[in-house]
Amino acid sequence: MGSIFFTSAGSNIFPSTSSDFGSIRINGLSLKKGLAFIHHKKQELTITNVATRPRPAVFIPDPSLPTETINDRKLAAWTSIRQERWEGELLVRGEIPLWLRGTYLRNGPGQWNIGDYHFRHLFDGYATLVRLHFENGRVTAAHRQIESEAYKAAMKNNKLCYREFSESPPKPNNFLSYVGELANLFSGASLTDNANTGIVLLGDGRVICLTETVKGSIEINPDTLETIGRFEYSDTLGGLIHSAHPAVTESELLTVLPDLINPGYGVVRMEAGTNERKVIGRVSCKGGLAPGWVHSFPVTEHYILVPEMPLRYCGRNLLRAEPTPLYKFEWLPQSKAFMHVMCKATGDIVASVEVPLFVTFHFINAYEKKNKDGRATAIIADCCEHNADTSILDKLRLHNLRSSSDHQDVLPHARVGRFIIPLDGSPTGELKTALDPEHHGRGMDMCSINPSFLGKKYRYAYACGARRPCNFPNTLTKINLIEKTAQNWHEEGAVPSEPFFVARPGATAEDDGIVISMVSDKNGGGYAVLLNGITFKEIARAEFPYGLPYGLHGCWVPKTG
Ligand SMILES: CC(=O)/C=C/C=C(C)/C=C/C1=C(C)CCCC1(C)C
Ligand SMILES: CC(/C=C/C=O)=C\C=C\C=O
Ligand SMILES: [Fe+2]
């Protein structure tokens with residue numbers, strides 16, 4: 001697959017690709033080779049390339065391009081991107097604050113097919129990056145595929161070549177090749193590097209896309225979205241899997257590496273400006289013979305928390321080529337659930353407590369509860385908790401996302417789960433419901449906070465909630481964890497992605513900023529919505545000339561100078 005720029009092609013512009021991604025067709029205009037910048041004016045667009053601007057044109061989406069139509073509702077969210085890359089200026093409705101200067105980057109699975117072969121799970125898709133650049137109240141946008149080895153090999157060979165979240169290349173047909181497969185699995189050679197989940201700005205300015213395989217750490221250029229290459233860890237720690245959500249600050253990156261051979265979890269720190277992870281400590285599994293799934297983990301000012309979910313890695317399922325109900329995992333309630341607390345400075349485990357069974361992808365935040373002498377007596381850790389029910393994983397199969405109608409209320413219930421982990425040697429911790437889940441429609445995932453409050457006592461969380469009936473979270477919700485209330489944003493038939501908080505420079509109030517979310521609308525279109533962080537009311541939307549697939553997580557690269 002060649003790189004895709006818009007090229008002139010008579011009166012229509014097609015991406016210069018031989019693939020069948022489809023195309024955005026712009027009539028009545030011929031552009032020189034290069035990136036197109038598009039300014040909308042209602043239905044009319046002005047297209048400019050770098051050399052000649054502005055020239056009027058009308059954007060006509062190709063009606064033959066697929067979007068999912070369910071009961072008259074078209075939704076791009078669960079449909080693969082239609083071309084490998086695009087760049088242009090968006091039509092802004094409303095007013096974007098002038099202080100908002102910088103780039104929002106969002107990662108997520110955006111291509112769920114290899115030719116005619118269709119992936120089954122949301123998490124399988126090849127990574128698509130989306131970029132929104134805010135300056136002077138205007139928004140330029142782009143999307144581009146991450147060129148992971150897994151993606152390039154699939155496109156070149158027209159078949160699946162690596163193990164994805166739920167997909168595996170076909171089973172070997174004889175014993176010898178089975179042994180080879182085993183070796184490839186345990187050396188990591190057959191694992192995907194499709195970095196389709198997280199995206200972080202390191203303290204040194206590098207931007208890294210992540211998935212749960214260590215090899216799937218890929219550096220990208222935040223301006224062009226170009227894949228720079230694999231982020232090579234310079235240490236000799238190895239490790240095949242890690243959390244998709246490291247805790248990143250200006251000075252360091254902390255992450256957890258589940259260890260399947262010697263069941264437990266390694267906790268490491270990588271100083272900004274280096275590629276070297278150093279071990280902080282290790283915690284052994286308390287229940288079961290395999291570690292629990294660690295999609296994310298919470299940190300406080302002085303501690304790293306390692307969650308041990310009863311949804312555990314399963315050696316048997318890892319080896320299977322065909323999918324199992326819980327993919328690479330198994331639900332082992334008898335193995336119980338634990339929270340481990342590790343001191344950041346020493347690596348010592350200061351608490352390892354049994355907690356009620358839980359299922360979470362995303363921890364929201366955590367902080368230390370202190371007594372009047374300033375000593376930490378407990379840790380409070382909040383997460384998007386799926387009521388200890390693993391069925392959410394099945395609901396995220398593309399077939400389910402594409403086929404349920406709006407009227408079927410099939411999204412399992414979720415809540416803000418609050419762990420209270422005592423530091424006084426008690427053997428158990430608590431798991432409570434932080435606020436009445438009715439306030440957010442009993443849907444809860446894809447959370448963010450004001451990043452300055454990471455690890456500190458905080459009041460506000462932003463997340464996707466539900467307006468029922470629905471089959472997927474369909475609201476943006478601002479949770480006040482002190483008042484135990486929520487404010488919700490909803491647009492009928494639309495699917496918003498993770499609300500991402502950007503603080504106003506100089507702000508002192510926790511919620512003084514804006515919240516960005518990318519929305520797939522019911523007509524097959526898409527836009528970025530901006531909400532005022534305080535009022536949680538919409539202040540602007542920037543419309544794409546096409547609908548984007550659903551994405552997972554974002555990061556913010558501020559414009560300096
Ligand atoms: C998108 C998301 O939230 C999670 C993605 C997780 C992935 C791609 C996990 C991949 C894995 C394998 C390919 C084999 C080993 C286990 C595991 C890390 C689950
Ligand atoms: C999209 C999602 C859950 C939605 C359910 O409420 C989870 C995504 C996990 C990976 O980042
Ligand atoms: Fe995630």
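Helices (H or I, at least four residues) and strands (E, at least two) are DSSP runs, numbered from the N terminus. Here they describe a predicted model, in which local features need pLDDT of at least 70, side-chain atom pairs count only at pLDDT 80 or more, and totals for chains, interfaces and linings use all residues. Residues are numbered from 1 along each chain as its sequence is written, chains are lettered from A and ligands numbered from 1 in the order in which they are written, and side-chain values use heavy atoms, with hydrogens and water left out.

Start with the whole chain. It holds five helices and 43 strands. Of its 561 residues, 59% count as buried. Buried means under 20% relative accessible area, exposed over 50%, and partly exposed in between (1.4 Å probe, protein chains only). The accessible surface of the chain comes to about 22,200 Å². Carbon and sulfur atoms own 51% of that surface. Accessible areas come from the Shrake-Rupley method with a 1.4 Å probe; for residues, only the protein chains shown count as cover.

Contacts come next. A contact means heavy atoms within 4.5 Å. Take the contacts in the chain with a separation of 6 or more: residues 24 or more positions apart account for 61% of them.

An unreviewed UniProt entry lists His245, His295, His362 and His553 under "binding site". They are spread over 309 residues of sequence, yet they cluster in space, with a largest C-alpha distance of 12.5 Å. The UniProt positions are given in the numbering used here, feature names are shortened, and annotations may be inferred rather than shown by experiment.

Look at His245. It sits in the loop between strand E20 (227-230) and strand E21 (247-248). His245 counts as buried because its relative accessible area is 17%. Leave aside its neighbours within four places in sequence, and His245 is in contact with Thr197, His295, Ser296, Phe297, His362 and His553. Its side chain also makes a polar contact with the side chain of His295, at 3.0 Å. A polar contact is a pair of N or O atoms within 3.5 Å; within protein, one must be able to donate a hydrogen and the other to accept it, and residues adjacent in sequence count only if both atoms are side-chain atoms.

His362 lies in strand E30 (residues 360-370). With a relative accessible area of 6%, His362 is therefore buried. Not counting residues up to four places away in sequence, His362 touches several residues, among them His245, His295, Cys383, Asp445 and His553. The side chain of His362 makes a polar contact with the side chain of His295, at 3.1 Å.

Ligand 2 is next. Which residues come nearest to ligand 2? Of the 14 residues around it, they are Phe123, His295, His362, Pro473 and His553. A residue is near a molecule or strand if one of its heavy atoms lies within 4 Å of it. An oxygen atom of ligand 2 is 3.1 Å from an N or O atom in the side chain of His295. For His362, the corresponding distance to an oxygen atom of ligand 2 is 3.2 Å. A polar side-chain atom of His553 lies 2.9 Å from an oxygen atom of ligand 2. Taken alone, ligand 2 exposes 350 Å², and the protein buries 99% of that. Strands E30 and E34 (445-448) each supply at least two residues of the shell. That shell divides into eight nonpolar, five polar and one charged. Ala, Val, Leu, Ile, Met, Phe, Trp, Tyr, Cys and Pro count as nonpolar, Asp, Glu, Lys and Arg as charged, and the others, Gly among them, as polar.

Ligand 1 has 16 residues around it. The closest are Arg163, Thr197, Thr211, Ile241 and His295. Taken alone, ligand 1 exposes 490 Å², of which the protein buries 98%. Its shell divides into eight nonpolar, four polar and four charged residues.

Two more residues complete the tour. Arg541 is found in strand E42 (residues 538-544). Arg541 is buried, with a relative accessible area of 16%. Its side chain makes a polar contact with the side chain of Glu538, at 2.7 Å. Ile146 lies in the loop between strand E16 (138-145) and helix H1 (149-157). Its relative accessibility is 0%, so Ile146 counts as buried. Beyond residues up to four places away in sequence, Ile146 touches residues including Asn107, Leu129, Cys209 and Thr227.
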